[in-house]
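Colleague: Please take a close look at a single part of this protein and tell me how it sits in the rest of the chain. One connected answer will do.

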Amino acid sequence: MESMVRILAIHAHPDDVEILAGGTLALLADQGHAVTIATLTPGDCGSHELSADEIADLRRRESAAAAARIGANYICLEMRDLAVFNDDAGRRRVTEALRQVRPDIVLASSPVDYHCDHEAASALVRDACFAAATPNYRTGSDPLESIPHLYFMDPVGGRDREENLVRPDFVIDVATVFDRKRAMLAEHASQRNWLRKHHNVDEYLVQMEQWTRERGALAGVSHGEGFRQYRGHAYPRTPVLQELLSAYLITPA
């Protein structure tokens, strides 16, 4: 592995990555690694006041500002909310994004989560990692030389649809960069109105901190983010992310 590693954190909607992996990405960026944050959609259904085009434009700008907080790039794959499916069109779109970014490590959404787009995004990214190194699965860019290392972020709130705890393989201690994680999420100001009306949640920053503290408590630290490595057939199993962040890594008891 090169000294500078390319990391792609990809989730369904704007703010998902910041909530679940913002601290970890800040630590990686501080080490000099190249970080890209991607969303499958621009959050086009996330408003009661603005049109789909208006809120999508606003949320793209918020996402770029959030990524800039840690020197990361932001890209949107321009799917649409509630229309993310693990089909060939979606797989080719995600595969092309992987081939453009050419990541060594991919952080993806959890296979189990409360939102259909989150779960579909997880399957799409998993399968696109395989497809990205398959030469005859053609998109606009050259195939990757190998399947990237794949990790799943926590589900939102650390629980599945039935509120069962989803235990991570390991937790990254993000206490030292939590203020920057919070600042990244604060760039998504349009989310507050949406969450207040649709989720009955007023302070999304407070809720994010609560979830980060709960994840940290699993590992005996104040603030944590959890991950699981995908080790399916043909996917690399070496603990690359764990080694990069060994100074911050705790394995829950």
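Modeller: Buried means under 20% relative accessible area, exposed over 50%, and partly exposed in between, with a 1.4 Å probe and protein chains only as cover. By that cut-off, buried residues make up 55% of the 253 residues in the protein chain. This is a predicted model, in which local features need pLDDT of at least 70 and side-chain atom pairs count only at pLDDT 80 or more, while totals for chains, interfaces and linings use all residues. Residues are numbered from 1 along each chain as its sequence is written, and side-chain values use heavy atoms, with hydrogens and water left out.

The protein chain has eight helices and eight strands; helices (H or I, at least four residues) and strands (E, at least two) are DSSP runs, numbered from the N terminus. The part I have picked is helix 5, residues 178-186.

Its buried residues are F178, K181, A183, M184 and L185. The buried residues of helix 5 pack against helix 1 (16-30), strand 2 (34-39), helix 2 (52-68), helix 7 (204-218) and strand 7 (224-229), where a contact means heavy atoms within 4.5 Å. In the protein chain, 79% of the contacts with a separation of 6 or more are between residues 24 or more positions apart.

Two of these partners are also reached through charged side chains. A salt bridge is a side-chain nitrogen of Lys or Arg within 4 Å of a carboxyl oxygen of Asp or Glu, and by this rule the count comes to 14.

K181 forms a salt bridge with E225, at 2.6 Å from N to O. K181 lies in helix 5 and E225 in strand 7, so this pair ties together parts that are 44 residues apart in sequence. K181 counts as buried, at 0% relative accessibility, and E225 is buried too, with a relative accessible area of 1%.

R180 meets D30 in another salt bridge, at 2.5 Å from N to O. D30 belongs to helix 1 and R180 to helix 5, so the two ends of this link are 150 residues apart in sequence. R180 is partly exposed, with a relative accessible area of 30%, and D30 is partly exposed at 48%.
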